[in-house]
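Good morning, everyone, and thank you for making time for this short talk.

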Amino acid sequence: MNDLSPTRLAPDAYGVLTSPDTLTIQRLLPGPVERVWDYLTQSELRRQWLAAGEMALAIGAPFEFVWRNDELTSPPGARPAGSAEEHRLECRITELDPPKRLAITWGSTGGVTFTLEPIGTKTLLTLVHHRVPERSTLLSVSSGWHTHLDILAARMAGQEPAEPFWDQIARLRPEYERRIPG
């Protein structure tokens with residue numbers, strides 16, 4: 001495997017703010033770029049680590065993410081009070097360069113960009129969540145993306161995630177509160 005350049009993040013570490021309202025997080029995933037691309041774009045694979053939802057691969061194409069986080073790990077852990085069993089979000093593809101780059105809108109934020117880069121027999125996934133408007137949302141997306149990407153890494157390695165979904169979110173939130181300036 002090639003060395004990661006000093007300008008890159010540790011691919012299994014916490015996400016970092018690359019601007020006051022932008023989270024960047026990376027994971028080094030097993031397998032080729034095309035396999036990771038499938039986990040980003042195919043509903044049946046994506047629902048195993050993030051959210052279901054058919055996606056027409058075309059710039060401007062609308063789609064809906066459907067989260068059922070209780071189904072991501074067994075057991076799911078303790079879902080926080082007020083968290084629904086299902087959550088939906090309307091999105092739109094804003095950039096598409098298969099199998100290297102996918103950018104989408106994301107609710108009230110500026111959107112999410114996924115960039116894939118081959119590193120030897122693995123793939124470096126860089127996720128950038130842009131223009132997150134407030135700290136509380138930034139804390140939620142930070143612990144959420146961290147947990148979802150850890151589940152993706154486990155699924156792609158043919159393993160069960162190491163920790164129940166909701167328990168990992170609860171564990172990570174205070175750490176992101178410490179790491180992200182108030």
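I will begin with a pair of helices, α1 and α3, which are oblique to each other, a word used for angles that are not under 35 degrees (roughly parallel), not over 145 (roughly antiparallel) and not 65 to 115 (roughly perpendicular). Before I go on, please keep in mind that this is a predicted model, in which local features need pLDDT of at least 70 and side-chain atom pairs count only at pLDDT 80 or more, while totals for chains, interfaces and linings use all residues. Residues are numbered from 1 along each chain as its sequence is written, and side-chain values use heavy atoms, with hydrogens and water left out.

Helices here are DSSP runs of H or I with at least four residues, strands are runs of E with at least two, and both are numbered from the N terminus. Two packed helices are described by the angle between their axes and the distance between the axes. The axes are lines fitted to C-alpha atoms, for helices over the stretch in contact, and the angles run from 0 to 180 degrees between N-to-C directions.

With that in hand, helix α1, residues 33-41, packs against helix α3, residues 135-156, at an angle of about 125 degrees, and their axes are 12 Å apart. Which residues make the contact? From α1 they are R35, V36 and Y39, and from α3 they are L152, R155 and M156, where contact means heavy atoms within 4.5 Å. Sorted by class, this contact of α1 with α3 has 4 nonpolar, no polar and 2 charged residues; Ala, Val, Leu, Ile, Met, Phe, Trp, Tyr, Cys and Pro count as nonpolar, Asp, Glu, Lys and Arg as charged, and the others, Gly among them, as polar.

Helix α3 also meets helix α4, residues 165-179, and here the axes come within 9 Å and cross at roughly 130 degrees. The helices α3 and α4 are therefore oblique to each other, and their crossing is right-handed. Among the residues in this contact are L139, H146 and I151 of α3, together with F165, L172 and Y176 of α4. By class, the contact of α3 with α4 has 6 nonpolar, 9 polar and 4 charged residues.

Let me now turn to the sheet. Strands of a sheet pair through backbone hydrogen bonds, either parallel or antiparallel. In this model there is an open sheet of 7 strands, with antiparallel pairing and the order β1-β2-β7-β6-β5-β4-β3, and two strands are said to pair if DSSP finds at least two bridges between them. The edge strands are β1 (16-19) and β3, each of which pairs on one side only, and the twist averages 30 degrees from one strand to the next. Helix α3 packs on this sheet, touching β1, β2, β3, β5, β6 and β7, and the direction of α3 makes about 5 degrees with that of β2.

Going along the sheet, β1 pairs with β2, residues 22-30, over 3 bridges, and V16 stands opposite T24 in β2. Strand β6, residues 109-119, is joined to β7, residues 122-130, by 9 bridges, and the bridge partner of V112 in β7 is H129. The hairpin of β6 and β7 has 2 residues between the strands, and in it G120 takes a positive phi near 60 degrees.

How many residues lie in the hairpin that joins β4 to β5? The hairpin runs through 3 residues, and the loop between these strands holds P99, which is joined to P98 by a cis peptide bond with omega about -10 degrees. Another cis peptide bond joins S74 and P75, with omega about 5 degrees, and P75 sits in the loop between β3 (62-67) and β4.

Key: Left-handed = near helix turned anticlockwise from the far one by under 90°.
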